[in-house]
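Student: Could we go through this model together, with the cut-offs stated as each term comes up?

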Amino acid sequence: DCSWAEEEILMNYVVLLMFAFGEGAVSFGAVRRWLLEVMDQFPRNAVVFNLFVQTEERYGLSHRVRSYWQRAWEGDNNKETLGAVRGGAKLGATPSLVMIMVRFELRRECVPRALGVLERALTKGETRHCAVLWRVLMDVHVHSGKADAAKRVYFRAISLCAWSKSIWLHALRVPEVRSLMSDQELSDVVDTMGSKGLRVRAMLEEVLPVDVLASLKTSRPS
């Protein structure tokens with residue numbers, strides 16, 4: 001296994017290489033070969049992967065990014081060649097890598113591909129409990145006009161990230177999702193947060209929208 005010191009040395013070399021590339025002293029092919037070599041040794045290095053994505057995008061080679069992602073993180077027969085291994089089992093992509101790939105697909109307006117990357121990442125042990133990825137998945141659904149799908153994701157998210165206050169509050173703060181929730185559902189969400197000790201350390205009026213506060217008042221017995 002490569003050590004952190006070797007990774008640091010390679011990172012410094014990559015920085016110099018990218019500078020030389022920007023000055024026109026190094027060819028695109030040479031940069032690409034080096035980035036691929038570094039990623040093969042340190043597949044979970046988000047900085048290098050992001051440079052690879054930016055470089056490929058510069059030349060309109062999106063298929064190469066997708067090909068690498070599939071080979072490194074979503075293929076069935078890649079355990080021996082790519083991806084970090086711990087205890088004999090292949091590790092999945094980190095949340096940082098997933099976010100870089102999602103942004104790449106969204107920049108290209110490929111929403112279904114972005115959703116696919118997120119959904120597959122959220123089935124992996126390393127990322128299924130990542131609150132940020134769940135929130136991004138909800139937001140992508142909302143921005144693509146599928147608030148009902150975002151609501152379903154919300155209930156999946158709170159079952160896997162019950163500890164995350166940001167997840168519990170996220171749907172309450174998103175009007176498109178909140179409008180699909182009944183007064184009883186909103187009340188249950190707030191009550192469950194309290195039972196789990198997820199306290200909102202502020203006045204509810206400062207945190208929750210007016211319509212949520214109104215629903216809480218009407219859903220509780222006087």
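Student: Is Cys 161 buried or exposed?
Tutor: This is a predicted model, in which local features need pLDDT of at least 70, side-chain atom pairs count only at pLDDT 80 or more, and totals for chains, interfaces and linings use all residues. Residues are numbered from 1 along each chain as its sequence is written, and side-chain values use heavy atoms, with hydrogens and water left out. Buried means under 20% relative accessible area, exposed over 50%, and partly exposed in between, with a 1.4 Å probe and protein chains only. Cys 161 has a relative accessible area of 0%, and therefore counts as buried.

Student: How many disulfides are there?
Tutor: A disulfide is taken as a pair of cysteine sulfur atoms within 2.5 Å, and by this rule the count is 0. For Cys 161, which is in no disulfide, the nearest cysteine sulfur is that of Cys 130, 7.4 Å away.

Student: Which class does Leu 180 fall into by accessibility?
Tutor: Leu 180 lies in the loop between helix H10 (175–178) and helix H11 (183–195), where helices are DSSP runs (H or I, at least four residues) numbered from the N terminus. Because its relative accessibility is 40%, Leu 180 counts as partly exposed.

Student: Which residues does Leu 180 contact, leaving aside its neighbours within four places in sequence?
Tutor: Leu 180 and Lys 151 are 29 residues apart in sequence, yet 7.6 Å apart in space, C-alpha to C-alpha. With contact meaning heavy atoms within 4.5 Å, the residues are Ala 147, Asp 148, Lys 151 and Glu 185.

Terms used
Helix = DSSP H or I, 4+ residues; strand = E, 2+ residues; numbered from the N terminus.
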